[in-house]
Structure formats: C-alpha cells, structure tokens
Amino acid sequence: AHLFHALLRMSLLQLEWLFVIAVVLEWLAEAQVSFVESPKGEVYIPPPGASVKIVRCTTNASASIEWVHSTFGVLNEVVFNIKRENATSSVMILNGTVITLNPAVLGTLTSTQGSIHCQAGMTNSIDFTFRLGAAPSVVTQPSNTTKNETDVAEFSCIFADTKPTPHKVSWLFTNNSGHMMTLQEEMRKVGTRESEVKISSVKRADAGAYRCVIKNEFAIVHSQPGYLMVPYCDGLVTQQVECALGRTF
C-alpha cells in the first residue's frame, strides 16, 4: 500500500509538471506571435453605396485573434461582421450601407473615445481608428473662357475637404473633334484644395472642354466642363466681311 501511494504521488507530481510545462510552452508560443499585417492610422469606412471594404489582421503563426476597442472591449464578431479567414488571419468586413443604418455599430467604430487594435494572445497590433469616409466632390467648377492664339489660358477647380483626402487629381481634355486625352495637374496651390491646369501659349487645337478628375479610394469624380474657345478666321475670301464683323470660324 505504501508503494502504491508513493507511485500515485509520483504520478500526480509528474502530471503537475507536465501541466506546468504545457502552460509555459503555450505562453512561449503566444509570446512569439507577431502581427505581419494590421490596420494603421485612420481607416475609412466606405460611404453608403460604395464597395465593401475588407480590413485584415494577420499573424506569423496560428493564433486566436480578437478585435478590441480600448474603451468598449472585445468587439462582437457577429455584430461587427468579423470573420476568421484562416488559422493566422481575421478580417472585418465593412459595408458602409449596413454600418450607417446601425447607429450603435457606427458610433462604436467611429468613437473618439479610444482606439482599436487586434489582439493575439499577449500580442497587440498597432492602434488604429475608424472614420466614416466620403467620395470626393467638386465645390467650384472650371469656368468657360475665350482666348486668342498665343494667350495664356488657365482652368481651376476646388474640391471639398472630404476624407480620405483625394490621392490623385488630373485633368481630362476633349477637343472639338471629340478626341480625349489626360493632362497632368499643373499646380496645387499650397494650403488649398484648388487644382489648376495651364496652357502657356494657346493654339487653335487647344479649344475644347476641360474637366478635373478627382480620385480617392471610394470614387472617381469628374467636374463639369470648362470650355476654352479660340476665335480665328481662316482667311477665305468668302469670310472676310464676316471676320471683319467679329464672327469666327
């Protein structure tokens, strides 16, 4: 009986050690997990009607990943549309139309009281915040203008202070024959949202419509056209009188 109790105590001691070793190994595994992909800075929720956006947190090893708000705690996977993609990746699917119809979800995600991070065991990703995004818009359209050949012509448009800030502004030119070409933005006035394109010496071929094209991650927006008119007379005898009266062709 004494031998049996001794062997039993040894077995229990071994089991305790095995349990401690298992806990230590799990702790070491969690401590070695790191995030290889995660949101950073400000993440913009698509506006209603825009395409669904996927935000992803990925670890370097298999891990249980939670999305945690520093004020409201762990986010519910069903409520916030969080999906387990695979053993190392979790995604939040942002549908702007659905989110804006749910004030509780929108309020939590865009709350200024704290930030969000992904958590895998003992490891946290970099903090980030959600903001409701918007498509770009033009608030001041290009104006029509009439210029003679060799004159300087300028077109400008001013776009709204929407977020995310447009990352590309270009100009689209359509001549009077219907041919289109893209022009590079000539200048962005420092400290403003005004874009300009400039023609330093107008030619007859420059006549046509000029539109600014503004792009952010949610939409591409075209301004209304500003027309450049270039008066000229081609010198035909049948047109001399009309040209003298100011009519152009």
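## Overall architecture

The protein chain contains four helices and 20 strands, where helices (H or I, at least four residues) and strands (E, at least two) are DSSP runs numbered from the N terminus. The model is predicted: local features need pLDDT of at least 70, side-chain atom pairs count only at pLDDT 80 or more, and totals for chains, interfaces and linings use all residues. Residues are numbered from 1 along each chain as its sequence is written, and side-chain values use heavy atoms, with hydrogens and water left out.

Of the 249 residues in the protein chain, 35% are buried; buried denotes under 20% relative accessible area, exposed over 50%, and partly exposed in between (1.4 Å probe, protein chains only). Among contacts (heavy atoms within 4.5 Å) with a separation of 6 or more, 64% are between residues 24 or more positions apart. The accessible surface of the protein chain is about 14,800 Å², and carbon and sulfur atoms contribute 57% of that surface.

## Salt bridges between strands

Four salt bridges are present in the structure, a salt bridge being a side-chain nitrogen of Lys or Arg within 4 Å of a carboxyl oxygen of Asp or Glu. One of them pairs E42 with R131, and the closest N and O atoms are 3.9 Å apart. E42 belongs to strand β2 (residues 41-45) and R131 to strand β10 (residues 128-132), so this pair ties together parts that are 89 residues apart in sequence. E42 is partly exposed, at 44% relative accessibility, and R131 is also partly exposed, at 24%.

Another salt bridge joins E85 and R56, with 2.7 Å between the closest N and O atoms. The relative accessible area of E85 is 39%, so E85 counts as partly exposed. R56 has a relative accessible area of 25% and is therefore partly exposed as well.

## The K203–D206 pair

K203 and D206 form a salt bridge in which the closest N and O atoms lie 3.8 Å apart.

## Backbone geometry in loops

Most residues other than glycine have a negative phi, and most peptide bonds are trans. Against that background, a cis peptide bond connects K163 and P164, with omega at about 0°. P164 is placed in the loop between β13 (153-159) and β14 (168-175).

Where do the residues N81 and T150 lie? N81 is found in the loop between β5 (73-74) and β6; its phi is near 55°, a positive value in a residue other than glycine. With a relative accessible area of 27%, N81 is partly exposed. T150 occupies the loop between β12 (145-146) and β13 and has a positive phi of about 80°, although T150 is not a glycine. At 58% relative accessibility, T150 is classed as exposed.

Terms used:
Accessible areas come from the Shrake-Rupley method with a 1.4 Å probe; for residues, only the protein chains shown count as cover.
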